[in-house]
Amino acid sequence: YAVFDWDMTSAFLDCEEQMLRTQIWNLRFKLGKEQFRALLKDEINGVTALAPEFKGIALKDIHEDLATAYAWLHDRSDGFSGKADLEPVRATPQFQDFAAKLFFLYDAYCGTPGIGADYGYTWILFLFAGHTVEEVRTLARDSIEAGLGDALRKASWKSPAGFASKAGPVEVSFRTGLRDQPEMQELMASLRAAGIEVFIVTASLADVVTVFA
């Protein structure tokens, strides 16, 4: 048998990070305000602040900013309990700060010693709470199709200028444009034709990878 990774091996870029950005950009959450805040631990494995390369921000400050913004969005967006359409909501400083800080926080968790990727990779799965498996697969399909249709480019989200918050402004950069890898498909097909079983073992959620695969 042969075992392959998925993200950045069998496919180009990371499908679960693409899914997280799609979830944030479209506010596809089913968490109540208190449930969302409960996912933000102000001390993780004894760590109370992000690494210096992430501005050394205190966890409690960025967590409080996110919880406040989520509550504000929850009260106003028609995807939650409000009545406002998504497009005007996206134009608000609260949404822009929330989007930048949530994806920044995932990156910062993974890059902060004592927290790390083992925590960060698992933590984002809890953001799917309340979804059925089929709803997660639908979100995965939507995000993968969006990624495949996007250009290969470097993009960034940042807090709006002058927006008051406890943690201050942040900016997070990322690459866009998921792609399949025809060479990897050919290699796997050749292995199967030779009687060798092919398996995928990856950090991303199996239901997300299955949709892509």
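Glu 134 is partly exposed, at 43% relative accessibility (buried means under 20% relative accessible area, exposed over 50%, partly exposed in between, with a 1.4 Å probe and protein chains only). This is a predicted model, in which local features need pLDDT of at least 70 and side-chain atom pairs count only at pLDDT 80 or more, while totals for chains, interfaces and linings use all residues. Residues are numbered from 1 along each chain as its sequence is written, and side-chain values use heavy atoms, with hydrogens and water left out.

**Salt bridges**
- The structure holds twelve salt bridges (a side-chain nitrogen of Lys or Arg within 4 Å of a carboxyl oxygen of Asp or Glu).
- Glu 134 pairs in this way with Arg 137, with the closest N and O atoms 4.0 Å apart.
- Both Glu 134 and Arg 137 lie in helix 7, three residues apart, about one turn of the helix (helices are DSSP runs of H or I with at least four residues, numbered from the N terminus).
- Arg 137 is partly exposed, at 32% relative accessibility.
- Glu 135 forms a salt bridge with Lys 30, the closest N and O atoms lying 2.7 Å apart.
- This pair links distant parts of the chain, 105 residues apart: Glu 135 is in helix 7, and Lys 30 is in the loop between helix 1 and helix 2.
- A network of salt bridges links Arg 37, Asp 42 and Glu 64.

**Helix packing**
- Helix 3 (residues 59-76) packs against helix 5 (residues 93-111) at an angle of about 140°, with their axes 9 Å apart (axes are lines fitted to C-alpha atoms over the stretch in contact, and angles run from 0 to 180 degrees between N-to-C directions).

Terms used: Helix = DSSP H or I, 4+ residues; strand = E, 2+ residues; numbered from the N terminus.
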